[in-house]
Amino acid sequence: MKTLEQELSRIDLNLLVPLSVLIKERSVSRAAEKLFLSQPAMSRILGRLRDLFDDPLFYRESNGLQPTAKTLELEVQLDAILFSIDSLVNSSTFSAELCEKAFRISTPPLMSKLLTAPLAKAIYDIAPKVTLEEYPSAIDPILLLKEGHVDFSIHIQDIVVSDEYRSEKIGYTYPVIYGASNHPLLQKENITINDCLEYSFVDLSLDIRSTGEYLNPLDSELVKQGKKRAVALKSGQLSTLIESIKGTDRLIIGGHLLEKDSILDSNFTVIKAFDTEPYMVNIYLIEHRRTLTSAPHCWLKSVITESISSNFSLPKSLMDR
């Protein structure tokens with residue numbers, strides 16, 4: 001009987017890396033570009049992979065390569081294998097200063113500028129060769145992590161329901177209604193939510209691919225009361241929403257740190273803050289278990305945690321409420 005080592009010696013394990021890239025890119029030309037290979041070279045590698053697994057692996061459609069059932073089976077195990085190899089090779093020699101990895105994270109759009117900008121600077125100061133790519137959060141971030149589209153997801157709900165993922169609470173925020181600095185509501189002494197509901201709102205659109213509808217804590221409470229906001233505009237761009245309410249009495253809901261964002265400028269102000277229960281929102285860092293032992297990912301996780309904690313931790317007076 002042959003040993004495991006003897007069996008594996010017949011296989012070119014270097015083929016696993018281009019297979020992983022092909023699965024993610026769904027394109028021979030893009031995969032070749034990622035690996036700094038020519039397209040003919042990548043096509044030859046695909047041919048060798050098909051021989052190795054005795055399967056076509058991909059078939060062509062108008063929108064690119066589509067994986068076969070065999071490829072989807074391989075995908076489940078492939079990332080874990082590659083991360084294990086990376087951990088084996090780099091665990092004792094990892095250096096942030098020399099790291100050249102590209103990391104992908106997803107973040108809530110309303111938190112992006114206050115979160116990602118300082119994070120990118122912190123990474124540059126420590127690891128100037130690292131690349132950071134940011135994507136908008138999905139309503140359900142699990143799919144992004146499962147398919148390897150992102151390394152970490154920063155989310156405002158703890159949606160982890162299996163051992164396949166890890167979730168850690170790393171910060172807090174709460175909803176605030178913002179409006180024009182001369183908004184009519186500011187003439188009132190005690191502004192209520194019902195006062196705010198007399199005006200229309202603009203809203204940030206979330207991931208169109210996701211099922212269901214995310215309700216922020218304010219909307220969740222309104223639903224319990226049989227009430228809802230009138231939303232006049234939805235957009236995936238915060239700058240578009242801000243521009244659209246200039247010179248109007250429309251309102252927008254954002255996190256408590258949005259007022260520090262220069263995008264609001266002096267034309268906008270806080271109308272009403274909801275800094276008590278049940279409106280407090282936890283911020284979670286979610287990752288797939290395949291990255292738990294990866295030294296580069298552990299390093300990035302620590303940088304993310306420190307950056308968010310310093311920007312999205314609440315005063316002790318609010319945390320104790």
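Strands E1 (residues 58–61) and E2 run antiparallel and are joined by four bridges, with a hairpin of two residues linking E1 to E2. Helices (H or I, at least four residues) and strands (E, at least two) here are DSSP runs, numbered from the N terminus, and two strands pair if DSSP finds at least two bridges between them. Keep in mind that this is a predicted model, where local features need pLDDT of at least 70, side-chain atom pairs count only at pLDDT 80 or more, and totals for chains, interfaces and linings use all residues. Residues are numbered from 1 along each chain as its sequence is written, and side-chain values use heavy atoms, with hydrogens and water left out.

- Glu61 has Gly64 of E2 as its bridge partner.
- Leu65 sits in strand E2 (residues 64–67).
- Buried or exposed: which is Leu65? Leu65 is buried, at a relative accessible area of 3%; buried means under 20%, exposed over 50%, and partly exposed in between, using a 1.4 Å probe and protein chains only.
- Setting aside neighbours within four places in sequence, Leu65 is in contact with Arg26, Ser27, Val28, Phe58, Tyr59 and Arg60, where contact means heavy atoms within 4.5 Å.
- Between Leu65 and Asn14 there are 51 residues in sequence and 21 Å in space, C-alpha to C-alpha.

- H2 is mostly covered, with eight of its 10 residues buried.
- The buried residues of H2 are Leu16, Pro18, Leu19, Ser20, Val21, Leu22, Ile23 and Glu25.
- Just after H2, Arg26 takes a positive phi of about 55°.
- Two packed helices are described by the angle between their axes and the distance between the axes.
- For helix H2 (residues 16–25) and helix H4 (residues 39–53), the axes come within 10 Å and cross at roughly 105°.
- That makes H2 roughly perpendicular to H4; angles under 35 degrees count as roughly parallel, over 145 as roughly antiparallel, 65 to 115 as roughly perpendicular and the rest as oblique.
- H2 brings Pro18, Leu19 and Leu22 to this contact, and H4 brings Met42, Ile45, Leu46, Leu49 and Phe53.
- Axes are lines fitted to C-alpha atoms, for helices over the stretch in contact, and angles run from 0 to 180 degrees between N-to-C directions.

**Helix H6**

- The 15 residues of helix H6 (residues 112–126) should span 21 Å at 1.5 Å a residue, and the end C-alpha atoms are 21 Å apart, which agrees. The expected span is 1.5 Å times one less than the number of residues.
- Ser112, Leu115, Thr116, Leu119 and Ile123 of H6 are buried.
- Looking down the axis of H6, the buried residues fall within an arc of 90°, so they line one face of the helix; the arc is that of the directions from the helix axis to the C-beta atoms.
- Lys121 and Tyr124 are exposed on the other side of H6.

**The sheet with E12**

- Five strands make an open sheet in the order E4-E3-E5-E12-E6, and the pairing is mixed.
- E4 (131–136) and E6 stand at the edges with a single partner strand each, so one side of each has no neighbour in the sheet.
- On average, neighbouring strands of this sheet are turned by 20° against each other, direction ignored.
- Strand E12 (residues 281–288) is mostly covered, with seven of its eight residues buried.
- E5 (residues 152–155) and E12 run antiparallel, joined by four bridges. Here His155 stands opposite Tyr284, and Phe152 has Glu287 as its bridge partner.
- E6 (residues 165–173) and E12 also run antiparallel, joined by eight bridges. Arg166 has Glu287 of E12 as its bridge partner.

**The sheet with E10**

- Another open sheet has five strands in the order E9-E8-E10-E7-E11, with mixed pairing.
- E9 (231–235) and E11 (268–273) stand at the edges, each with a single partner strand, so one side of each is left without a neighbour in the sheet.
- Neighbouring strands of this sheet are turned by 35° against each other on average, direction ignored.
- E7 (residues 175–180) and E10 (residues 251–255) pair in the antiparallel sense over four bridges, and Pro175 has Gly255 of E10 as its bridge partner.
- Helix H10 (residues 238–245) packs on this sheet, touching E8 (201–204), E9, E10 and E11. The direction of H10 makes about 170° with that of E8.
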